[in-house]
Amino acid sequence: MSLRIELPESFAARMGDDPHVGLFLSSGSETNAEIVASAGFDWLLIDAEHSPYSLETVQALLRTLAAYPAAPVVRIPANDTALIKQYLDLGAQNLMVPMVHTPQLAQQAVAAMHYPPRGVRGIGAALARSSRYNRVAGYLNNASDSLSLTVQIESGEAVAHAAEIAAVDGVDAVFIGPSDLAASLGHLGEQQHPEVLDAVARVFDAVRAAGKPVGVNAFNVEQAQKYVEAGASFVCVGADVQQLALATSRLVARFKGE
């Protein structure tokens, strides 16, 4: 008798009243991913945009995280239909698409997430991990129910279009990237510049008015707490490589007095 295989709930479906706290996975190490996943975070961002990850690396990390309750979200390199198809087929249920500056770009990402007639996703899941190699009953007809799409607002143009982007059917959540947003506004490296904080607040208002969850990245824990208090549904408060760098520097400083 075959096992009955069911896919876990999507990231968006897990959202509740309490803010989800997460961490970037940037090292590509399955050991690091397991250590982080067992710490108790609500979600983990597999960062295939700024980390040297192949599709095989992402799939290995997804397999590692599957043993833990944290929701894995994969940030892909670009809003590209072919790439989205590949990441979905390897079993990424929750995608984050960067640099979504307009509602038209959001609609493009939504179309890539879904099979026809809703979208344009190519059909090959029977050969892939997404359907657990054709062992998830009715995958083709029900795949959309297991997926979530988070789009990133990280430019002045995107801030101006935030309400329209959030209103796109199929956009499940919006994530703000203050680093690129700061650069776009002329404040490179100043994520806490007043103009940047004001832009983040305006996006919060626009996305929440559309009835969608809004998240933000803030490695400064005090700022992250302020975002939570301002109504963020999910936050990313650090990265595995960042935490390792901080911890080792502190240890050296303690024993070498540097």
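**A walk through the predicted model**

User: Is Asp 89 buried or exposed in this model?
Analyst: This is a predicted model, and in it Asp 89 has a relative accessible area of 14%. Buried means under 20% relative accessible area, so with its 14% Asp 89 counts as buried.

User: Which residues is Asp 89 in contact with, leaving aside its neighbours within four places in sequence?
Analyst: Asp 89 belongs to helix 4, which covers residues 81-89. With the neighbours within four places in sequence left aside, the contacts of Asp 89 are Arg 121, Gly 124, Ala 125, Ala 128, Arg 129 and Ser 130.

User: In what order do the eight strands close into a barrel?
Analyst: The eight strands of the barrel pair in the parallel sense. Neighbouring strands of this sheet are turned by 25° against each other on average, with direction ignored. Going around the barrel, the order of the strands is 1-2-3-4-5-6-7-8.

User: How many bridges pair strand 5 and strand 6?
Analyst: Strands of a sheet pair through backbone hydrogen bonds, either parallel or antiparallel. Strand 5 and strand 6 pair in the parallel sense, and Ile 153 stands opposite Ile 176 of strand 6. The number of bridges between strand 5 and strand 6 is four.

User: Which residue in strand 7 is the bridge partner of Val 174?
Analyst: Val 174 and Ile 176 point one way from strand 6, while Ala 173 and Phe 175 point the other way, and all are buried. Strand 6 runs parallel to strand 7 and is joined to strand 7 by three bridges. In strand 7, the residue that bridges with Val 174 is Val 214.

User: At about what angle does helix 10 run to strand 7?
Analyst: Helix 10 lies across strand 5 (148-153), strand 6 (173-176) and strand 7. Relative to strand 7, helix 10 runs at about 155°.

User: Which residues of the largest nonpolar core touch the most other members?
Analyst: The largest nonpolar core has 59 residues, and helix 10 (residues 194-209) gives the most to this core, with seven residues. One of its members, Val 58, touches residues including Tyr 53, Tyr 87 and Leu 90, not counting residues up to four places away in sequence. The members of this core that touch the most others are Ile 46, Val 58, Val 74 and Leu 95.

User: What covers the buried residues of helix 5?
Analyst: Helix 5 spans residues 103-113, and its buried residues are Pro 103, Ala 106, Ala 109, Val 110, Ala 112 and Met 113. The elements that cover these buried residues include helix 4, strand 4 (94-97), strand 5 and helix 8 (162-167).

User: About how much space lies in the largest cavity?
Analyst: The structure holds one cavity of 30 Å³ or more. The lining of the largest cavity includes Leu 7, Leu 88, Ser 130, Arg 132 and Tyr 139. The space in the largest cavity is about 40 Å³.

User: Is Asn 134 buried or exposed?
Analyst: Asn 134 lies in the loop between helix 5 and helix 6, and its phi is near 70°, a positive value in a residue other than glycine. Exposed means over 50% relative accessible area, so Asn 134, at 54% relative accessibility, counts as exposed.

User: Which two residues are joined by a cis peptide bond?
Analyst: The place of Pro 117 is in the loop between helix 5 and helix 6 (139-142). The cis peptide bond has an omega of about 10°, and the two residues joined by it are Pro 116 and Pro 117.

Terms used:
Residues numbered from 1 in each chain as written. Predicted model: local features only at pLDDT ≥ 70, side-chain atom pairs only at ≥ 80, totals over all residues. Heavy atoms only, no water. Helix = DSSP H or I, 4+ residues; strand = E, 2+ residues; numbered from the N terminus. Buried < 20%, exposed > 50% of the residue type's maximum accessible area, 1.4 Å probe, protein only. Contact = heavy atoms within 4.5 Å. Core = buried A, V, L, I, M, F, W, Y, C linked by side-chain atoms within 4.5 Å. Pairing = 2+ DSSP bridges. Axes fitted to C-alpha atoms, helices over the stretch in contact; angles between N-to-C directions. 1 Å grid on protein atoms, 1.4 Å probe; cavity = no way out; pocket = protein on both sides within 12 Å on 5 of 7 lines; lining within 4 Å. Points joined across faces, edges and corners; volume = space filled by probe spheres on them.
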